[in-house]
Amino acid sequence: MKNTSLPLMCAAGAAALGMSLLAFGQEKPAAGTAKPATAPAPKSKPQGLKFRVQQLHVDNNEGCAVADYNKDGKLDVSAGEFWYAGPEFKEKKPVRKLRAFGKDYLTNNAEHAWDVNGDGWTDIISGSFMEGEVSWYENPKAEGLAKGEPWKQHLLADTKLGQNEWTAFRDMDGDGVPEFVVNSWGDNLPMMCWKLAKDDAGNPILKPWVIHEGGDQTNGHGIGFGDINGDGTEDIIFKNGWYERPKDGATTQPWKLHNDFVFYHASCPMLVKDLNGDGRNDIIWGNGHNYGLWWEERRDDNKDGSTNWRTHLIDDKFSQPHALAWEDLDNDGQPELITGRRVRAHSGGDPGDNDPGVIHYFKWNKDAQKFSKFNVAIDGPGIGLQINVADLDGNGWKDIVCAGKSGTHILWNEGK
C-alpha cells in the first residue's frame, strides 16, 4: 500500500495506528508515577542568534538573488524591479519593470544570477507564474550600472507552459552548468528542465529537456532534489511522488516515475537530508498554503517496492512555509532549517494568510530526533518564494535575504 503522507491525519490518528506519541514531540508519563513534592527548576531556554532587520523596499515581488553584480568584490542583492549594491544596500537601482496581475502579484516567481552571455558580468534569469516566456536580463556593466540604466531583456525560451509555481536553477546532469527547472502546480503537466545553449547566431537560448511528457500525477505543487534510492545520483521529488534518475544518460534516458506519496501544496523547495544518520535520506517539507511543517522519516520499503515514510511534525504554529533553506547560521558546522510565512500567498485566501509575517530557524538535534525553533523576525518581515543565505558583510555570520509581499528584507545575523 502506498503511503499518501497526509500529515494532519497522521497526527490525529497516531494512537489508532499504534504510533509513538514521541514522534510528535509529546511524552506520556508512566502510569502510577507520583508527582514530585516540588516542581523541578525549569531548564533555561537555549539562546538563539540575534538578527537585525533592514527593509530595502516594499512591493509584491517574491523573487530575489545574491551576486556581485557591479564587480567590486562585494555581494549585492537583486529583487524584482531593483538591485541594491553592497555593503550598505541603501540605494535601489533599476533592473526591469514587472507587470502586476491578480489582487497583489507581480510577474516574478523566482530569479537566478548567472553570466548568461559569458562577458564576465552576472545577469539575471527570470520567469513568471502564468506566462511561458523565460527571459534573461543583461547586466549593463560598470557605466550602465552607474547611470542606472535598465537591464536589456532577452528571450531565452517560450515554454508554452503556464501554471508555473516556482523555478530552480540547478545542475541536473553533472556538467557543471545549471539547468532551469520548472515546477508546476498542475498535476498533469510535464516535468521539465531547460538547458542553456546557443542558437545558430550564437545567442543564448534554453533547450527543452523533458523528464516526463505529462499525464496522470506527473507534476504538482512542490519540488526538491536529492538521492531517494541510495544509488548516489540525485532524484527529483514533487507533490505526487519522485522521479528516479537513470544511472547513466540523465538527459537521454527516461526517468522512472514513482507515485509513492502525496504532499499537498508542498514547499518549493522540499529538502532531502539524512536527519537521523541511518544512511537513508529523509524529506523536510512545509504546506505552502496552510499550517504545517514536517519531516518524513525514510522507513523500509513497502512489499510492493514503493517507498515508505513516517511523518513527524516540526511545527504547526504559523502558516505558509512555502520556501525552505538549509544553511549553517550559527557556525557550529551543522545546517539549520530556515523558513517562515509567505505573506498573502493566495491574496488572503489561505488559512492564516493575513497574519503578520514571521521568519524562523530550526536547529536539529539528532540525539533527541527533533527540531527546536528560534525566531529570526516576528510581526513584520515574511518570506516570498526564495530564501537566500550569504555572508553579505564578511563578518563570518551568514545573513538572510527574503523578498515577499511584506517587502524585501535583509536579516543581518549578529551572532549570539
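These are my notebook entries on one predicted model.

**Ground rules.** I number residues from 1 along each chain as its sequence is written. Since the model is predicted, local features need pLDDT of at least 70 and side-chain atom pairs count only at pLDDT 80 or more, while totals for chains, interfaces and linings use all residues.

**Whole chain.** I looked up the elements first. The chain has two helices and 30 strands; these are DSSP runs (helices H or I, at least four residues; strands E, at least two), numbered from the N terminus. Next I checked burial. Of the 416 residues, 54% are buried, meaning under 20% relative accessible area with a 1.4 Å probe, protein chains only. I then looked at contacts (heavy atoms within 4.5 Å). Among those between residues at least 6 apart in sequence, 50% join residues at least 24 apart.

I turned to strand 14 (residues 191-198) and strand 15 (residues 204-212). They run antiparallel and are joined by eight bridges; two strands pair if DSSP finds at least two bridges between them. I found M192 partnered with V210 of strand 15. Five residues lie between the two strands of this hairpin, and G202 in the turn has a positive phi of about 85 degrees.

Which order do the four strands take? I read 24-25-26-27, with antiparallel pairing. Strand 24 (325-327) and strand 27 (370-380) are at the edges with a single partner strand each, so one side of each has no neighbour in the sheet. Strand 24 is joined to strand 25 (residues 336-340) by three bridges. There I saw E327 opposite E336.

Note on methods:
Side-chain values use heavy atoms; hydrogens and water are left out. Buried means under 20% relative accessible area, exposed over 50%, partly exposed in between (1.4 Å probe, protein chains only).
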